[in-house]
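Good morning, colleagues. Please look at the structure first.

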Amino acid sequence: MKRWWTTPAYVAVAVSLLATAGCSSSDTAQPAAGGSGPASSKAGSSASPVSLAQFPVTVATGGKTVTITKKPTRIVSLSATVTEDLFAIGAGAQVVAVDKTSDYPASAPHTSLDAYQLNAEAVAAYHPDLVVESGLTPAQVGQLEALKLPVIGEPAAGDLEQVYQQITDLGKVTGNASSAAALVGSMRQKIAGIVASTPKPPAGATFYYELDPTYYSVTTSTFVGQLFKTLGLTS
């Protein structure tokens, strides 16, 4: 089989796809409602027309079904991806704390909360009415739920469709359904444009994408591998 070694041009396109899939945008980020401590904060208005009357909202995510009884105004994010998604859909003013790995946007209420070394009591100190996590163990989720904290899990997405579904779910549970739908539509359009404008490689072309100097790579079934697949390349 003819091998198509990944050229800088294709790497650049893949990076563009990753950036778009990450949905980080300074245009959509809102100032955070909280500081770095558990002090109370005033929730801002939502850009979505979803009203309190449309709650409760039930979503199936992270292998379980969760019902949110009212629009949350004190959200704690224990995931960098979730933090970016929340701000991108216009829920930034509802976020009172984000974990230490969340480095975007700069206006997010950064804290020392550590999802890898979870301190459930430290999370509870922010008095959240919604905690969103990604990758916690069942035991850790149980610690949060034992403190009567509503928890939604958004595991690492396996493909773009899962990314879109997670953004949609976050829009529903935060009362920002319409802005989440608009974001998903924009992402689909941008990614389709990137794919359409990228020169097509030869039929049967393969790629080798090196993650680090130890020769680890990605398979086509991984998230990054599937982004390359949309460009007509196979690992």
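From the N terminus on, the elements run α-β-β-β-α-β-α-β-α-β-α-α-α. That gives seven helices and six strands, where helices (H or I, at least four residues) and strands (E, at least two) are DSSP runs numbered from the N terminus. The model is predicted: local features need pLDDT of at least 70 and side-chain atom pairs count only at pLDDT 80 or more, while totals for chains, interfaces and linings use all residues. Residues are numbered from 1 along each chain as its sequence is written, and side-chain values use heavy atoms, with hydrogens and water left out.

Let me turn to the sheet. Four strands form an open sheet in the order S4-S3-S5-S6, with parallel pairing; two strands pair if DSSP finds at least two bridges between them. Strand S4 (95–98) and strand S6 (151–153) are the edge strands, each pairing on one side only. On average, neighbouring strands are turned by 20° against each other, direction ignored. Strand S3 (residues 75–78) pairs with S4 over three bridges in the parallel sense, and serine 77 has valine 98 in S4 as its bridge partner. Helix H4 (residues 138–146) packs on the sheet, touching S3, strand S5 (130–133) and S6; contact means heavy atoms within 4.5 Å. The direction of H4 makes about 155° with that of S6, given that axes are lines fitted to C-alpha atoms, for helices over the stretch in contact, and angles run from 0 to 180 degrees between N-to-C directions.

Next, helix H5. What caps the N-terminal end of H5? Aspartate 159 does, with a side-chain oxygen 3.2 Å from the backbone nitrogen of glutamate 161. The helix itself, residues 160–174, has 15 residues and reaches 21 Å from its first C-alpha to its last. Glycine 175, with a positive phi near 80°, follows H5. Among the buried residues of H5 are Leu160, Val163, Ile167, Leu170 and Thr174; buried means under 20% relative accessible area with a 1.4 Å probe, protein chains only.

Which residues of H2 meet H5? Val82, Asp85 and Leu86 in H2 meet Ile167, Leu170 and Thr174 in H5. The axes of helix H2 (residues 80–88) and H5 come within 10 Å and cross at roughly 60°.

Finally, the protein as a whole: buried residues make up 44% of its 235 residues. Of the contacts with a separation of 6 or more, 62% are between residues 24 or more positions apart.

How values were computed. Expected span 1.5 Å × (residues − 1). Buried < 20%, exposed > 50% of the residue type's maximum accessible area, 1.4 Å probe, protein only. Polar contact = N/O pair within 3.5 Å; in protein donor to acceptor, adjacent residues only side chain to side chain.
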